Amino acid sequence: MKQYVVARPLYSEDAFTDEHEKIHRHHKTLRHHVKQYFTCDLKRAKNAALSLLPFIGWMRIYQLKEWLLSDIVSGVSTGLVAVLQGLAYSLLASLPPWYGLFTAFFPVIIYFFLGTSRHISVGAFPVLSLMVGAVVTRLVPDEGPPVNITGFEGLTSDEQRVMVAASVTFLMGIMQLAMGLLQVGFIVMYLSDTLVSGFTTAAAIHILVSQLKFVLGLVVPGLSGPLSIIYTLEKIFVQIEKTNVCDLVTSILIMVVVFIVKEINDRYKAKLPVPIPIEVIMTVIACGVSYAFNFRVIYKVDVVGRIPSPMAPNMQIFGQTAVEAFPMAIVGFAVAFSVAKVYSVKHDYIIDGNQELIAFGASNIIGAAFKSFAASTALSRSAVQESTGGKTQIAGLLSALIVMVVTLAIGFLLEPLPKSVLGAVVIVNLKGMLMQIREVPYLWRRDRPDCVVWVVTCLASILLGLDLGLAVGLGIELLTVVFRAQFPRCSVLANITGTDIYKDRKDYMSIYEPEGVKIFRIPSPIFFANIDFFRGKLVEAVGFNPLRVLRKRNKALRTIRKLLKKGELQMTSKGLLLTSSGPIEESEDESNMEELDQPTDFKDLPVQVNWNSELPANIQVPRVDVHSLILDFSAVSFLDISALKGLKAALKELIRVEVEVYIVACDEYILEKLHSCKFFDDEVKSSMFFLTLHDAMLHILEKHPVNSENTKVCEKSSTIKMIINKNNSCNVATHV
C-alpha cells in the first residue's frame with residue numbers, strides 16, 4: 001500500500017491567508033469586454049472567417065489521395081439512402097413525397113460551407129418531419145377548409161401544405177440563426193439524454209401510427225393537437241375492413257426483408273465493406289413490380305406520382321406557426337448536435353455549437369425558399385456516411401448531387417412507387433427509437449427522478465402532441481433539478497479511524513466521533529429555495545433547536561432575577577439556593593419577545609449559570625451536549641443574499657447557546673462574497689473558517705482535549721496517525 005507523510009501547520013482561513021500571499025487579479029469590466037468584442041485586427045478577421053466558414057479549415061488539410069475515394073463511396077451510398085428517406089419522411093410531414101428530395105439537397109449544400117461536423121448527413125429527420133406535419137394538418141386539414149391566409153387563393157391543398165411547411169421551416173431557420181448569432185448554443189444542454197430518449201420514443205409511436213394508413217391503404221385525415229393519436233387510431237379501426245390487401249402484403253413483405261437484412265448488416269458489419277442498401281434494393285424492386293402490374297389502376301394503390309416545382313414561403317404564416325417553430329428549432333439542433341458530438345469525439349476534432357446553429361439556420365432558410373421542409377440529421381443516415389468511409393462533408397456534397405440527379409434525370413422512374421413501401425421503410429427504421437423503452441427499468445433502478453422525466457415526457461408527448469410534450473418534459477426535468485438542489489441529501493460525518501478522512505457516519509463501522517462535536521455536510525448550493533431546508537436539517541443534526549433553547553435560557557434568567565429580587569433565591573457556597581417552599585411560576589412575560597432572542601446576559605447576576613447542571617426552583621432548560629459544530633462547505637458552490645441572511649441567523653442562534661461553529665473547505669468566491677456583503681460582526685467572525693475539515697477537528701480537540709495534552713485523533717493500530725503537537729502543527733505519519 002502506498003503511503004505518505006505530511007507535516008504542516010494547522011490552518012484556519014485567516015492564518016493561511018496571512019502566511020501565503022495571494023495574487024491580486026484584475027477583473028475585466030463590462031466596458032472592457034464590449035471594447036474587446038468590437039476591436040478588429042487582421043488576426044481576429046482571419047479567425048472570424050475560419051469560424052464562419054469552417055470548410056476552409058478542413059479543406060486546407062484535405063488529403064486528396066487518401067480521402068477522396070472514401071468520400072466518393074460514402075457520398076454515393078448516403079445519397080441513395082437520402083433519396084429513399086427523403087421520399088419516406090415527406091409522408092410524415094403530410095406532404096407529397098418528392099418534397100423530401102428538396103430537403104436532401106438544398107440544406108446539404110449550405111451546411112457544406114457553414115457546418116463544423118465532417119460526418120453528419122443533413123436532411124430530413126423523422127421526429128422533425130412529424131412536428132412539421134402537425135403544423136401542416138392544423139392549418140390545412142384533410143377535412144374542412146384551411147385557415148384563412150392570404151396567398152392560399154388559387155392553390156391546391158397540396159400546394160397550401162407545401163407553403164405552410166416551407167414557411168414554418170423558414171421561421172425555424174431564422175430562430176436557429178438568431179440563437180447562433182447571439183451565442184446561445186448552450187441552450188441545448190437543458191435537453192438531457194433522458195428527456196430526448198423519452199421524447200423520441202413518443203415520436204416513434206406517433207410515426208408508427210401515422211404510417212398505418214399508408215401500410216393499410218386507408219384514407220385517414222391527418223390530425224394534430226392533444227389526443228390526436230387516439231382519434232387517429234379510432235378512425236383507422238373504424239374502417240379497418242376497407243384495408244387494401246395489396247398495400248398490406250407489399251408492406252409486410254418489405255418490412256420482413258428489410259428487417260432481416262438490417263440485422264445481418266449489424267451482425268456482420270465488421271466483415272462487410274459497406275452495409276447492404278436493402279431499402280434501396282427493395283424500393284427499386286417495388287417500383288418495377290408496381291409498374292409492371294399497374295398497381296395504381298388495378299389495385300387502387302396510392303403511388304408517389306410526379307415531381308412538383310418549388311415555391312416561395314408565405315410570411316403571413318409566420319404568426320400562425322411561431323409557437324411550433326421554436327420547439328422544432330430546439331429539437332432539430334439538439335439531435336444534430338448530439339450526433340455531431342459523437343463523431344467529433346470518435347474522430348478527434350472540435351465542433352462549435354453556436355456555428356452549428358448558424359449552419360442549420362442558414363440551411364433551413366435557404367432550403368425553405370426552395371420549398372424544402374425542416375432539416376436536421378438522422379442517425380441512421382449519418383451512420384451510413386461515416387461507416388462507408390466518409391471523411392469530410394465532400395461525401396455530403398456528393399450525396400446531394402445524387403439527389404439532384406434523381407430529381408432532374410431519373411425521378412420519373414420512381415413515379416409508380418407505392419406509398420405503402422415508403423411507410424414500411426419508415427416503420428422498420430423506427431426499431432432503434434422504439435427499443436429505447438428498455439431504458440426504463442434501468443433508470444428505475446439507478447435514478448428514479450430521471451425515470452420520472454423519461455416516462456412523463458414520453459406519455460405527455462404521446463397524448464398531448466410533440467410540442468406540448470416537449471414543454472411538459474422540460475418542465476419536469478427542471479423541477480427534478482430544483483428538487484435535487486432544494487432537498488439535497490445532507491449528512492452527519494465522522495472520522496474514519498486511523499485517517500484524516502471523514503465520511504457519512506451511517507455508512508461505516510470503524511469511526512471516531514469526539515464527544516460534543518458534530519460535523520454537518522450539505523452537498524449543494526445554498527439559496528433562497530433551500531435555506532429553510534438547510535436550517536431544518538441542521539437542527540436535526542445537532543439534536544436541538546438553538547432558538548428555542550436560547551429563549552428558554554433567557555426566560556430562566558428572567559425567573560432567576562425575579563426570585564433574587566424577591567429574596568426567594570440566595571447565593572451560597574453551593575451556588576444558588578431556593579429559600580421559599582412555595583411553587584415557583586416560570587416567567588411568562590411575553591411583552592418583549594425580541595429580548596428572548598438576544599445573547600444571555602449574566603452581568604447583574606452573582607454567578608454565571610451552568611446550563612447543563614441542575615437549576616434551582618425546578619427551572620427546566622433543554623440540555624445542550626454539543627460544544628462544537630463543523631459545517632462542511634466543500635460542495636457548496638454559491639450562496640445568494642437570502643441564504644447569507646439565513647446562514648447568519650442560524651450561526652448566531654448556535655453561538656448564543658455557546659456552540660462553537662466552524663466552516664471548512666469554503667470556496668474562495670464565497671469567502672469574497674461574505675466579506676463584500678459585510679457578513680462578519682462581533683459574533684460571526686472570519687476566524688471560524690478553516691482550510692480543511694481535519695484542521696478544524698484538530699483545533700477543536702486542542703481546545704477541548706479528551707485525554708491528554710497530546711490527543712490522538714486515531715489509534716496507532718491504523719495506517720495513519722494524526723497528533724496535535726505543542727507547536728500547533730499537524731503531523732500525519734504513516735505506518736506499514
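Is K431 buried, partly exposed or exposed? In this predicted model, K431 is partly exposed, with a relative accessible area of 35%.

**Salt bridges**

K431 has a charged partner. It forms a salt bridge with E263, and their closest N and O atoms are 2.4 Å apart. E263 is partly exposed too, at 29% relative accessibility. K431 sits in helix α20 (residues 431-434) and E263 in helix α12 (residues 245-267), so the bridge ties together parts that are 168 residues apart in sequence.

The count for the model comes to 21 salt bridges. Three of them are set out here.

| Pair | Closest N to O | Apart in sequence |
|---|---|---|
| K431 and E263 | 2.4 Å | 168 residues |
| R484 and D450 | 3.7 Å | 34 residues |

Take K346 and E386. K346 is exposed, at 54% relative accessibility. E386 is buried, with a relative accessible area of 14%.

Now take R484 and D450. R484 belongs to helix α23 (residues 466-486), and D450 to helix α22. R484 is partly exposed at 36%. D450 is partly exposed at 23%.

Some bridges share partners. K648, K652, R656, D681 and E683 are joined into one network in this way.

**Two helices in contact**

D450 also takes part in a helix contact. Helix α21 (residues 439-446) packs against helix α22 (residues 448-464) at an angle of about 145°, and their axes are 6 Å apart. From α21 come E439, V440, L443, W444 and R446; from α22 come R448, D450, C451, W454 and V455. By class, this contact has 6 nonpolar residues, 4 charged ones and no polar ones.

**The nonpolar cores**

Which residues have the most contacts inside the largest nonpolar core? They are V127, V132 and M328, in a core of 105 residues. Helix α15 (residues 318-347) gives the most to this core, with 14 residues. V132 touches A93, A165, V168, M328, F373 and A374, leaving aside residues up to four places away in sequence. A second, separate core has 37 residues, including L538, A541, F544 and L550.

**A covered helix**

Helix α29 (residues 693-703) is mostly covered, with 8 of its 11 residues buried. Among the buried residues are L693, H694, D695 and A696. M697, L698, I700 and L701 are buried as well.

Methods: Residues are numbered from 1 along each chain as its sequence is written. This is a predicted model: local features need pLDDT of at least 70, side-chain atom pairs count only at pLDDT 80 or more; totals for chains, interfaces and linings use all residues. Side-chain values use heavy atoms; hydrogens and water are left out. Axes are lines fitted to C-alpha atoms, for helices over the stretch in contact, and angles run from 0 to 180 degrees between N-to-C directions. Helices (H or I, at least four residues) and strands (E, at least two) are DSSP runs, numbered from the N terminus. Contact means heavy atoms within 4.5 Å. Ala, Val, Leu, Ile, Met, Phe, Trp, Tyr, Cys and Pro count as nonpolar, Asp, Glu, Lys and Arg as charged, and the others, Gly among them, as polar. Buried means under 20% relative accessible area, exposed over 50%, partly exposed in between (1.4 Å probe, protein chains only). A nonpolar core is a set of buried Ala, Val, Leu, Ile, Met, Phe, Trp, Tyr and Cys residues joined through side-chain atoms within 4.5 Å. A salt bridge is a side-chain nitrogen of Lys or Arg within 4 Å of a carboxyl oxygen of Asp or Glu.
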